[in-house]
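Hello,

Here is the structure for you to look over. My notes follow below it.

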Amino acid sequence: MTVRVVLADDQALVRAGFRLLLETEDGFEVCGEAGDGARAVELARAHRPDVVVMDIRMPGVDGLVATRQITADPALAGVKVLVLTTFDVDEYVFEALRSGASGFLLKDTEPVDLLHAIRVIAAGEALLAPTVTRRLISEFANRPEHRRPDPSALRELTDREREVLALVAGGLSNEEIAEHLVISPATSRTHVSRVMTKLGARDRAQLVVLAYESKLVRPRE
């Protein structure tokens, strides 16, 4: 399967580097480049890529607004957004997730990790940079304006589903959860899907937040 990607960054040199990385790797196709958020949305609608790699700080329509426009469009339900930025700032991470992004990475990540992130997100999973996850969850969970989960919803989970939720919060993929629990990947996917349904979570990123907000998992110091 070829993962089709749109690159959105206001620096042409950065886009060129990402394009070179992706086009020299099997399984990727760059179907468009955008220098601002408005163009990124146009390309998403025109090409329906699997993933938009989205910078946050761009002129005019920024990456967060563009992400919200993409994720709010029912016609683009299959398009995932990976936010990639040089700015390791809490508020950007919070807003990226609120805007519907499926993942967040810093631009100084290793090329192999970027390729992995794009594959993970294209497969329908969520990804957060390990360097920001603990701080993100710790503060996100304490923000008064954020909706608190209904404790009774967690009581509806089976012991295995709670175990799966904790592993999702630890950043494990479906395959890694399957290996950890000695179950098949298909069973792992089924457990994750049921947990999302029971908790009313939009995606895996929201599951991570819910796991920490409910104190099922606590941030490591």
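This is a predicted model: local features need pLDDT of at least 70, side-chain atom pairs count only at pLDDT 80 or more; totals for chains, interfaces and linings use all residues.

The largest cavity has a volume of about 50 Å³. Its lining consists of Leu7, Ala8, Asp9, Arg15, Phe18, Val53, Met54, Asp55, Leu84 and Lys107. Three elements, β1 (3-8), α1 (12-23) and β3 (51-54), each give two or more residues to that lining. By class, the lining has 6 nonpolar and 4 charged residues, and no polar ones.

Next, strand β1. Of its 6 residues, 5 are buried, so β1 is largely enclosed by the rest of the structure. β1 pairs with strand β2 (residues 28-34) in the parallel sense, over 6 bridges. Within that pairing, Leu7 stands opposite Glu33 of β2. β1 also runs parallel to β3, and 4 bridges join the two. There, Val5 has Val51 of β3 as its bridge partner. Together, β1, α1 and β2 make a right-handed β-α-β unit.

Two residues named above come back in the salt bridges. Side chains of opposite charge can pair when their charged atoms come close. The model has 10 salt bridges. Three are described here.

- **Arg15 and Glu33.** Their side chains meet at 3.0 Å, N to O. The pair links distant parts of the chain, with Arg15 in helix α1 and Glu33 in strand β2, 18 residues apart. Is Arg15 buried or exposed? Arg15 has 14% relative accessibility, which is under the 20% limit, so Arg15 counts as buried. Glu33 is partly exposed, at 29%.

- **Arg19 and Glu23.** The closest N and O atoms of this salt bridge are 2.7 Å apart. Both residues sit in helix α1; because they are 4 residues apart, about one helical turn separates them. Glu23 is partly exposed at 45% relative accessibility, and Arg19 is partly exposed at 25%.

- **Arg119 and Glu25.** This salt bridge has an N to O distance of 3.5 Å. It also links distant parts of the chain: Arg119 lies in helix α5 (residues 111-122), Glu25 in the loop between α1 and β2, and 94 residues separate them. Arg119 is partly exposed, with a relative accessible area of 37%. Glu25 is partly exposed as well, at 32%.

One last point concerns how the pairs connect.

Best wishes

Notes. Residues are numbered from 1 along each chain as its sequence is written. Side-chain values use heavy atoms; hydrogens and water are left out. On a 1 Å grid over the protein atoms alone, a cavity is a set of points where a 1.4 Å probe fits but cannot get out, and a pocket is an open set with protein on both sides within 12 Å along at least five of seven lines; lining residues have an atom within 4 Å of a point. Grid points are joined across faces, edges and corners, and a volume is the space filled by probe spheres set on the points. Ala, Val, Leu, Ile, Met, Phe, Trp, Tyr, Cys and Pro count as nonpolar, Asp, Glu, Lys and Arg as charged, and the others, Gly among them, as polar. Buried means under 20% relative accessible area, exposed over 50%, partly exposed in between (1.4 Å probe, protein chains only). Two strands pair if DSSP finds at least two bridges between them. A crossover is right-handed if, with the strands pointing away from the viewer, the path from the first strand over the helix to the second runs clockwise. A salt bridge is a side-chain nitrogen of Lys or Arg within 4 Å of a carboxyl oxygen of Asp or Glu.
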